[in-house]
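Biologist: Could you take one part of this model and give me a close look at it, then work outwards to what lies around it? I would like the cut-offs spelled out as you go.

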Amino acid sequence: MIEVSGLTKKYGSNTVVDNLSFTIGENCVFGFLGPNGAGKSTTMNMITGCLAPTEGTIKINGYDMSEDSEKARQFIGYLPEIPPVYEEMTPFEYLMFVGEAKKIPKKDIKDNVYNVMEKTGIKKMENRLIKNLSKGYRQRVGIAQAILGNPQIVILDEPTVGLDPEQIIEIRDLIKEIGKTATVIISSHILTEISAVCDNILIISQGKLVAKDTTENLVGAKDGQKHIAMEIMGDKDNILAAISNIEGIIKIVPLDTTDDGITNLEIIFDEALDPRAAIFNALSKENMPIISSYIKKNTLEEIFLDIVQKSFTSELTESTAKGGE
Amino acid sequence: MTAILKKELRIYFSTFTGYLFIAFMLLCGGIFTSFVNLVYYSPNFEYAVRNMTFVLLIAVPLLTMRVFSEEKKQKTEQLLYMLPVSFSRIVMGKFLAIAIIMAIPVIIMAFYPVAFSFFGVVNFKTAYTTLLAFFLLECALCSIGMFASSLTENQLIAAVISFGITLIIYMIPDLSANTSSASSFAVKAFAVIIAVLCVIVFFISKKIKLSLALAVIAEAVLWAVYYFSPAVFAGSFGKFLDIFALFEKIGTFANGICDITIIIYYISITLLFLCFTVQSESKRRWR
């Protein structure tokens, strides 16, 4: 559906997007992550045809964005960082204009417009001038224009900015619903939002692709290690003495001991050696019962920071090596 | 294109810019008609039309300044770029919207000669061909204003650029009359124009070698022609300037001559600047 190959954008000598290549399939929700200035919005602008790349190709359903731009853009609905709304128009007039420009058949435009107004909750504001709407409602009008005409690809740059918590939940649900019939790409700084909505995640840093995987894979695994959080009835020192020599345990992080004598700790272990049974036996032998135990998944924040940090470090190492030469 | 046209018309009339332009043109038309026709009991409406052309110096830049600069400022240009509509259709839609607004006062003024005909003999052919030329002049100036608006996101700067170009065009007959007809003056003036054009080529293409090569070749040809046949340049700079005297050409129609070449000339200037606008907008995507 979306094939990006060798995508590069340079502003003078500054490379904002550097040789980005990825493919996005049908009917899924893709999260686009990256620190500020990573090139997320630039990449989105290039995918939607708003900005021409310096190098590389973008194909939308087989249509090249540079050569068959008009055809390629037919499949896309886009909400840029700042909603592209005309303040002098009402939401209804604005959406009617977008519908006509998107070449929706004349007889279907009105139905389509009312449908998206209903979905985005702007029906009651349909006859109010956009300049008199709040930031949240403007954002909704922007989302409405993006999904108008049921495009096969919907690209949303920071879609929940300016919305209140209730509206955020509504929009997240809407995104999930759109994701059932269309490919949705979302860029957001709110990582919980990405992990709540997206099936797949793309992380870019300094214009380069540093990770592309399913949310589950990214959040569930990190370098073949697993974290286990435990509550054990017993003294901290005794517990450490009992289990610290078990093969496969990489690190034990004792947290605290409660007044009931329960010690909370986290154990990081090698997934391949899986020492969980040995831990159970050792604690059982010392009469220190396990009250609770569960595999702790890495948060997306940790994964994101880790991956971005690694990319910065490798970049630094490369530039140092080049400087040394 | 129809969607863009309708959207532009809606915005022009919801912001009152459209009403203001129409009212201003009708007011000026009324004042000039009163002075030229009513005060002097003259049935020649074409003279009133010819005399009011300088009003366009202010009216057209004010009408066109927001066309693209406002889209850039409000960040709505991204919407236009991603819609499945080509740049040429976007530019044409916007141009037609302004043309419709400009046509409204012209159509209303077209009734004035009919009113005069009740009190004297009116040469309808001359009156209406002059009015047509006036409208085409408006279109040409509008395309220049649109081009200026595509260069910046500041409406005021767009208006100043448009006004500056229009003012120079308006003053060309005076400039032409006061330039020396000597060959040496003409060749130096052409040399300066070539240098300026090559600087513009450099700013657009950012290719120094190409710009320098063009400058060297063009200057070499110019000075070679001057060396072998200096007489060719006698009075040529004044004639060259006259080519761009858009306002002056309307006088031909007011004098009762319907010159089709001038109509084609106005249409060509309009299309040329609309093409420049399309190129200017397309180029923004590549920045």
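Modeller: Happy to! Two strands pair if DSSP finds at least two bridges between them; strands themselves are DSSP runs of E with at least two residues, helices are runs of H or I with at least four, and both are numbered from the N terminus. By that rule, strand β12 (residues 249-257) of chain A and β13(A) pair in the antiparallel sense over seven bridges.

A word on the ground rules: this is a predicted model, in which local features need pLDDT of at least 70 and side-chain atom pairs count only at pLDDT 80 or more, while totals for chains, interfaces and linings use all residues. Residues are numbered from 1 along each chain as its sequence is written, chains are lettered from A and ligands numbered from 1 in the order written, and side-chain values use heavy atoms, leaving out hydrogens and water.

Buried means under 20% relative accessible area, exposed means over 50%, and partly exposed is in between (1.4 Å probe, protein chains only).

What about positive phi elsewhere? Most residues other than glycine have a negative phi. N19(A), in strand β2 (residues 14-24) of chain A, has a phi near 50° and counts as exposed because its relative accessibility is 52%. N287(A), with a phi near 60°, lies in the loop between α10 (276-285) and β14 (290-296) of chain A; at 66% relative accessibility, N287(A) is exposed as well.

Helix α3 (residues 91-101) of chain A is mostly covered, with eight of its 11 residues buried; among them are F92(A), Y94(A), L95(A) and F97(A). The cover over these buried residues includes α4 (106-120) and α5 (135-147) of chain A, together with α1 (2-14) and α6 (77-82) of chain B.

That brings us to the other chain. In all, 26 residues of chain B are in contact with 30 residues of chain A, contact meaning heavy atoms within 4.5 Å. The two chains bury about 2700 Å² between them, 60% of it on carbon and sulfur atoms; this is the accessible area (1.4 Å probe) that two parts lose on being put together, summed over both. The rule finds one salt bridge across this interface, where a salt bridge is a side-chain nitrogen of Lys or Arg within 4 Å of a carboxyl oxygen of Asp or Glu. E100(A) forms a salt bridge with K6(B), with the closest N and O atoms 3.1 Å apart. On the chain B side, α1, α5 (66-74), α6 and α15 (260-286) each supply at least two of the residues that touch chain A. Of these, α1(B) gives the most, with eight residues.
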